[in-house]
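Colleague: I'm new to this one. Can you walk me through it?

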Amino acid sequence: MRNYVIADNRDITRAGLISYIKEIDTDFSLTEVNSYIGLLDELRMNRDSGVITDYTLFDFSSLAHMLNIKSGAKKSNWLLFSEEPGEHFLRQLLLTDDSISVVLKNSSKKNIMDALFAVKEGDVYWCDYAESVMRSDIENGRSIINLTASEKNILHEIALGKTTKEIAVEKNLSFHTVNTHRRNIYSKLGVNSVNEATRYALQAGLIDLMEYYI
């Protein structure tokens, strides 16, 4: 029997989801939670639950907070059911954990039902919007491939917020060598700041969101 957890603080959304779930599943249990504490309690009891949540309408303190909760119940299957999320947010989410399904609240009934069915079966569903964001991410990240192994290593450290001096000391390299790598990285990626370089590192999977926030 599949256990579903709805983590969304909008009454009409919860009612609609329950109605749709009843159409795809005749043998299930369901819990509605209104706080991350309640979600944690439910996942402790049912670690393989299907969790349906709207990140913006729940009390997660950050994306990292939500992902930490999910990682604590590795067998759980999650669906982000939301208004259209920002591309940057969605890219960070799916680059960190591509097992999360995504469907928009303005999607057709068929697409929402397909997403819920994926949760039921333990599969992954990405709506067209999520697919397009991730396709764009791959295209934007192609220039990363041109970096050497050393440059990727240095970019990883830059994205963690380390200075040239700190990187040089930790990697046992000269300041000049690290600085040269930094200039080459910026040139190859066509960026001019640490923030832009960090965005590329996240897109390319050289650093994940959990590591970034820590």
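Colleague: Ground rules before we start?

Modeller: This is a predicted model, where local features need pLDDT of at least 70, side-chain atom pairs count only at pLDDT 80 or more, and totals for chains, interfaces and linings use all residues. Residues are numbered from 1 along each chain as its sequence is written, and side-chain values use heavy atoms, with hydrogens and water left out.

Colleague: What is the strand order in the open sheet?

Modeller: The order is β2-β1-β3-β4-β5, five strands with parallel pairing. Strands here are DSSP runs of E, at least two residues, and helices are runs of H or I, at least four, numbered from the N terminus. Two strands pair if DSSP finds at least two bridges between them.

Colleague: Which strands stand at the edges?

Modeller: β2 and β5 (101-104) do. Each has a single partner strand, so one side of each is left without a neighbour in the sheet. From one strand to the next, the twist averages 20 degrees; axes are lines fitted to C-alpha atoms, and angles run from 0 to 180 degrees between N-to-C directions.

Colleague: How many bridges join β4 to β5?

Modeller: Four, and β4 covers residues 77-82. Leu 79 stands opposite Ser 101. Leu 80 has Val 102 as its bridge partner.

Colleague: And which way do the β5 residues point?

Modeller: Ser 101 and Val 103 point one way, Val 102 and Leu 104 the other. All are buried, meaning under 20% relative accessible area with a 1.4 Å probe, protein chains only; exposed is over 50%, and partly exposed is in between. In a regular strand, side chains alternate between the two faces of the sheet.

Colleague: New topic. Where does Asp 25 lie?

Modeller: In the loop between α1 (11-24) and β2 (28-33).
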